[in-house]
Amino acid sequence: MVDVANILINGVVISSLYALVAIGFTMIFGVGGTINLAHGAVITIGAFAAYYVTTAGFGIWAGVFAAIAVPALFSVLLYKGFAERRSDNVIVVMILTLLASIVVEEVIRIVEGSQPRAIPTLVAGNTEILGNAVQNNLLVAVVLSWVLIGGLFAFINYTSTGKAILATSMSPRGAALVGIESDRINLYTWAIAGVLAGLAGLFLGSYQTANWAMGREPLILSFSIVVLGGLGSIRGSLVAAYVIGFLEVITTSAIDPRLSGLAGLVILVLVLLVRPEGLFGRELAEA
Amino acid sequence: MADENLSGETVENPSATTDEPSLFASLLAPRYLVGLLGVVVFALLPFLGVSTTQLLVLIGALYFGLFAMSWDTVSGYTGEISFGHAIFFAVGGYTSALLNLGHGVPPTLSIPAGVVLAAVAGVLIGVPALRLRGPYLSLVTLVAPLILLQTFIVYGGIFGGELGLSSPASLVTADEFELVVVANYYIALGLFLAVMLALLLLMRSGLGSVLTAIREDEDAVAAAGLDVAKFKVFAFVLSAAVGGLAGAMFVHTPVGSPQPSQLLGLIVSIEVLIAAILGGMGTIVGAGLGGVFFYFTNDLLNQQDATIPLVDVGVNEASLLLFALLAMVIVYFLPQGIFPSAIRAGRRGLRRARGGETVATDGGRGPDEATEGSDATNPIEQTAERYRRALDALNDRFDGGENE
């Protein structure tokens with residue numbers, strides 16, 4: 001018997017974390033036109049920053065701070081080092097970020113080994129929902145994801161910096177003409193993406209576990225998510241994160257756990273064949 | 001990336017005009033002589049005291065080089081980066097191995113079957129992904145091998161799961177193992193050289209020019225009335241077939257076996273990318289040599305017991321890290337890769353040694369003083385430069401005529 005409540009709860013938790021990852025990924029693409037293949041490594045860095053700080057005895061809240069600050073810094077460094085310097089060549093940036101993610105993964109694998117590490121939960125205790133005991137920690141994750149995403153929407157739509165980000169994503173040239181510095185806007189985008197992915201890493205590390213290759217699956221699902229949602233569309237990524245997240249949970253828990261990742265690819269190929277601009281994507285000529 | 005045509009001397013249209021070197025003379029150009037010397041050294045290796053174990057590694061390295069050339073055919077030329085090329089390596093290898101193990105098909109038939117199936121996989125992945133512009137191919141190819149691996153694990157009974165299959169029949173059999181290895185080595189070397197030559201000829205033909213043009217400016221190619229997607233799909237499927245060939249041959253050697261770690265892992269896709277980058281993207285020869293170098297050096301590093309000072313980490317454990325860092329440095333500072341840079345450095349050195357005699361960089365005309373010392377780096381600029389100088393010379397003549 002398939003446990004519907006369980007699927008529902010797991011689906012919401014996983015989807016809200018995927019949304020954090022995919023939104024950052026799609027923002028970087030939408031604004032700068034770059035594919036950041038080190039985005040998965042940012043997740044891993046977030047998780048391990050939190051792990052190191054908490055195991056060093058600073059408490060989980062210091063860990064949360066680390067999971068925000070370190071990935072954001074790493075993301076900014078990636079931008080400064082690779083994406084900004086080589087902004088004329090998207091392919092080179094893609095290769096460099098891929099290599100950077102390998103470097104991060106390998107360093108963690110060599111230092112930490114392949115043993116999974118558990119990150120302590122933010123809040124203790126369980127709450128009963130639909131007859132299932134759900135960790136309060138996961139509830140925090142879901143709520144935090146929505147608060148962050150809501151905040152991001154508000155930031156983008158109502159502040160001048162946010163509007164500048166939006167303008168740059170719509171037309172870099174037009175934005176430059178009205179005096180928006182694209183380098184600064186890109187920097188903000190990478191920093192925001194780093195924060196969101198780092199926090200996703202923190203919760204993935206306490207929900208599942210943290211290990212050197214933990215960033216791969218969310219990154220790869222992000223591809224399906226952003227293609228389904230429309231490359232560059234934040235709203236699309238949010239919707240698509242829930243679609244892909246739920247499909248993933250349904251296939252793995254109701255059909256076969258070994259099928260993980262398959263739903264994402266099927267969706268990816270279908271979207272490419274039927275509606276390549278995705279649900280909320282702009283015309284492909286723009287992308 | 002490799003903006004300049006590296007072909008050096010003309011091979012396609014020899015002696016079109018009198019001042020061009022003949023085909024024979026162009027083959028005597030230094031870089032071809034170095035190439036020939038390399039081939040001779042490779043061919044003589046079994047007689048130069050190279051041990052059987054090292055020959056085995058070289059067999060693997062040659063097939064990996066073949067695989068790297070297949071990656072370069074699509075990614076280096078069209079600029080559509082494939083992040084999951086291992087899928088073709090694996091489809092070729094597994095198809096051949098399964099046919100051989102399960103149905104007793106001899107390698108001579110199962111290898112072509114592997115090539116065909118890899119090409120089919122190329123169509124299945126390439127057509128939906130390449131009809132679109134932008135990074136779609138990269139995204140899809142990064143996911144595809146992971147899904148295939150998942151399928152292999154789910155149907156572990158057929159595909160052997162994460163452990164892989166047992167080794168299929170060897171391509172060559174002999175009483176002495178050493179003889180088998182030497183025979184395999186020559187087959188690998190022959191195939192490597194044959195495919196390299198075939199791909200080079202293809203890429204120096206009109207097809208190569210179209211693909212390079214697509215990399216530089218897709219819109220311009222489309223505006224010229226060419227179907228960009230069709231060319232990209234063709235290059236991709238060709239590349240898939242060559243990758244499948246490399247994989248299928250590899251599993252029938254004593255060194256390769258149908259295992260995910262050798263054929264399909266994410267790492268395999270990334271290794272081939274690093275190898276081609278090290279050698280030089282968009283050059284075929286560079287990618288092939290990069291593949292051979294990478295496989296050989298990686299194997300060498302993996303067998304080291306030494307540790308890296310200060311951090312106390314075994315060299316064998318950190319080999320991928322070291323290569324990733326090296327590739328990063330090269331992409332960053334030497335985006336054309338080592339092979340093209342070496343050719344250019346060699347040319348500069350030669351020019352200096354010969355006292356000003358230049359070697360053509362535009363793949364066509366022989367050197368002339370028109371481009372000497374100018375900044376023109378590509379054929380169009382060089383032609384424009386020559387044209388300008390010719391006009392100037394003409395002007396001078398007319399002016400001179402008036403003065404007389």
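1. A salt bridge here is a side-chain nitrogen of Lys or Arg within 4 Å of a carboxyl oxygen of Asp or Glu. Between chain B and chain A the count of such bridges is zero.

2. The model is predicted: local features need pLDDT of at least 70, side-chain atom pairs count only at pLDDT 80 or more, and totals for chains, interfaces and linings use all residues. Residues are numbered from 1 along each chain as its sequence is written, chains are lettered from A and ligands numbered from 1 in the order in which they are written, and side-chain values use heavy atoms, with hydrogens and water left out.

3. The area buried between chain B and chain A (accessible area, 1.4 Å probe, lost on being put together, summed over both) is about 3700 Å², and carbon and sulfur atoms give 83% of that area. In chain B, Tyr136(B), Leu139(B) and Tyr332(B) lose the most area to chain A, together 19% of what that side buries.

4. Contact (heavy atoms within 4.5 Å) takes in 37 residues from chain B and 38 residues from chain A.

5. H6(B) gives the most, with 11 residues.

Methods
Buried area is the accessible area (1.4 Å probe) that two parts lose on being put together, summed over both. Helices (H or I, at least four residues) and strands (E, at least two) are DSSP runs, numbered from the N terminus.
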